[in-house]
Amino acid sequence: MTVGTTDPMTRTIYLANNLKGEFEKRVVAHEIGHAVCFSYGLLEEIHRCCHKRHWIDMEEFICNFVADYGERIWELTKDITKVPVYLERLVS
Ligand SMILES: [Zn+2]
């Protein structure tokens, strides 16, 4: 069952009508992962890094990784790079 797909030619994301909540968010993130791959020419990099028989699996793995861990990585990045308030006061 397909719940979402991205047309690489039109760069349009199509979603099933019955998606809701966290699952909908995961599917949207996964499909945006595909759109980013198409838009930034990343498929060539994927193809360069693995055997042709794994191209689709690798692209799906990357899009699942983005959907499953992308938000958490971004949160951790913000936490780690956040300047403590007491240091901001010292600088300004
Ligand atoms: Zn996919």
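User: How many bridges join E1 to E2?
Analyst: This is a predicted model. Strands E1 and E2 run antiparallel. One of the pairings has Asp7 with Thr12 in E2 as its bridge partner. The number of bridges that join E1 to E2 is four.

User: Which residue takes a positive phi in the hairpin of E1 and E2?
Analyst: The hairpin has four residues between the strands. The loop in question runs between strand E1 (4-7) and strand E2 (12-15), and Arg11 is placed there. With a phi near 55°, the residue is Arg11.

User: Is Arg11 buried or exposed?
Analyst: Leaving out residues up to four places away in sequence, Arg11 touches Ala35, Phe38 and Ser39. Within 10 Å of Arg11 there are 11 other C-beta atoms. A residue counts as exposed at 12 or fewer, so Arg11 is exposed.

User: How far apart in space are Arg11 and Cys63?
Analyst: In sequence, Arg11 and Cys63 are separated by 52 residues. Their distance in space, C-alpha to C-alpha, is 15 Å.

User: What is the orientation of H1 to H3?
Analyst: Helix H1 (residues 21-39) packs with helix H3 (residues 55-81) at an angle of about 130°, and their axes are 8 Å apart. That angle makes the orientation of H1 to H3 oblique.

User: Which hand has the crossing of H1 and H3, and how many charged residues has their contact?
Analyst: H1 passes H3 in a right-handed crossing. H1 contributes residues including Arg26 and His30, and H3 contributes residues including Glu59 and Cys63. By class the contact has six nonpolar and five polar residues, and the charged ones number two.

How values were computed. Residues numbered from 1 in each chain as written. Predicted model: local features only at pLDDT ≥ 70, side-chain atom pairs only at ≥ 80, totals over all residues. Helix = DSSP H or I, 4+ residues; strand = E, 2+ residues; numbered from the N terminus. Buried ≥ 20, exposed ≤ 12 C-beta atoms within 10 Å, placed from the backbone. Contact = placed C-beta atoms within 7 Å. Pairing = 2+ DSSP bridges. Axes fitted to C-alpha atoms, helices over the stretch in contact; angles between N-to-C directions. Parallel < 35°, antiparallel > 145°, perpendicular 65-115°, else oblique. Left-handed = near helix turned anticlockwise from the far one by under 90°. Nonpolar A, V, L, I, M, F, W, Y, C, P; charged D, E, K, R; others polar.
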